[in-house]
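Here is a walk through one model, from the strand pairings to the core and then to a few charged side chains. Have the sequence and the 3D view open as you read.

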Amino acid sequence: MWTPRPALHVHVILYSPIHRCYARADPTMGRIWVDAAVPCLEECGFLLHFRDGCYHLETSTHHFLSHVDRLFSQPSSQTAFHMQVRPGGLVALCDGEGGMLYPQGTHLLLGMGCNPMRGEEWFILQHCPTWVSLRSKTGRFISVIYD
């Protein structure tokens with residue numbers, strides 16, 4: 001038997017127009033990379049939570065993007081971001097203290113910094129296709145992506 005739980009938050013995908021790639025969570029390393037060519041992977045979908053005037057991004061493995069270079073298991077002040085919006089659907093996530101979230105280094109690790117170049121901090125926030133997650137008694141998930 002299955003117990004349905006409707007999603008209360010928006011499923012989104014982060015696309016970097018500068019790098020022409022999508023953000024992808026890597027649960028084995030506890031990091032987020034901007035290196036996926038297509039957003040069809042489960043790791044590319046995020047839940048966008050709005051709490052206490054800030055946004056929190058939750059991965060498909062139920063971890064939260066943080067200001068430090070790792071994922072957290074619970075939302076906190078370290079996972080809270082302010083969102084700046086530009087025309088054309090561009091968004092930037094910042095910590096409120098001058099730090100911006102953008103892909104860094106040759107491997108495009110998504111992290112906080114103060115010196116993004118060429119507009120690397122801007123992402124296009126897209127809606128994820130509707131998905132339903134089913135969890136069995138053994139704790140395993142069955143995911144069906146419907147487009």
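## Strands, core and charges

Strand E1 (residues 10-16) runs antiparallel to E12, and 4 bridges join the two. Within that pairing, Ile 13 stands opposite Gln 126 of E12. Strand E9 (residues 90-94) also runs antiparallel to E12, this time with 2 bridges. Here Leu 90 is the residue that faces Ile 124 in E12.

Keep in mind that this is a predicted model. As for the overall make-up, the protein chain has 0 helices and 14 strands. Buried residues account for 42% of its 147 residues. Take the contacts between residues at least 6 apart in sequence: 42% of them join residues at least 24 apart.

Now for the inside. Which residues touch the most other members of the largest nonpolar core? In this set of 20 residues, they are Ile 32, Val 34, Phe 46, Leu 57, Leu 65, Leu 101 and Leu 110. The elements that supply two or more residues to this core are E1, strand E2 (21-26), strand E3 (31-36), strand E4 (46-51), E9 and E11. E2 gives the largest share, 3 residues.

Phe 46 sits in strand E4, and it counts as buried because its relative accessibility is 1%, under the 20% cut-off. Phe 46 and Leu 65 lie 19 residues apart in sequence, and their C-alpha atoms are 9.7 Å apart in space.

| Residue | Touches |
|---|---|
| Phe 46 | Val 10, His 11, Val 12, Ala 23, Ala 25, Ile 32, Leu 57, Glu 58, Thr 59 |
| Leu 110 | Ile 32, Trp 33, Val 34, Leu 65, Asp 69, Leu 101, Tyr 102, Pro 103, Phe 123 |
| Glu 121 | Val 91, Ala 92, Met 100, Leu 101, Tyr 102, Pro 116 |

Where does Glu 121 lie? It is in the loop between strand E11 (109-113) and strand E12 (123-127). Glu 121 is buried but has no salt bridge. What Glu 121 does have is a polar contact: its side chain and that of Trp 122 are joined at 3.1 Å.

How many salt bridges does the structure hold? There is 1. It is formed by the side chains of Arg 24 and Asp 35, at 2.9 Å from N to O. This pair links distant parts of the chain, with Arg 24 in strand E2 and Asp 35 in strand E3, 11 residues apart. Is Asp 35 buried or partly exposed? Asp 35 counts as partly exposed, because its relative accessibility is 37%.

Conventions: Residues are numbered from 1 along each chain as its sequence is written. This is a predicted model: local features need pLDDT of at least 70, side-chain atom pairs count only at pLDDT 80 or more; totals for chains, interfaces and linings use all residues. Side-chain values use heavy atoms; hydrogens and water are left out. Buried means under 20% relative accessible area, exposed over 50%, partly exposed in between (1.4 Å probe, protein chains only). Lys and Arg count as positive and Asp and Glu as negative; His and the chain ends are not counted. A salt bridge is a side-chain nitrogen of Lys or Arg within 4 Å of a carboxyl oxygen of Asp or Glu. A polar contact is a pair of N or O atoms within 3.5 Å; within protein, one must be able to donate a hydrogen and the other to accept it, and residues adjacent in sequence count only if both atoms are side-chain atoms. Contact means heavy atoms within 4.5 Å. Two strands pair if DSSP finds at least two bridges between them. A nonpolar core is a set of buried Ala, Val, Leu, Ile, Met, Phe, Trp, Tyr and Cys residues joined through side-chain atoms within 4.5 Å. Lists of a residue's contacts leave out its neighbours within four places in sequence.
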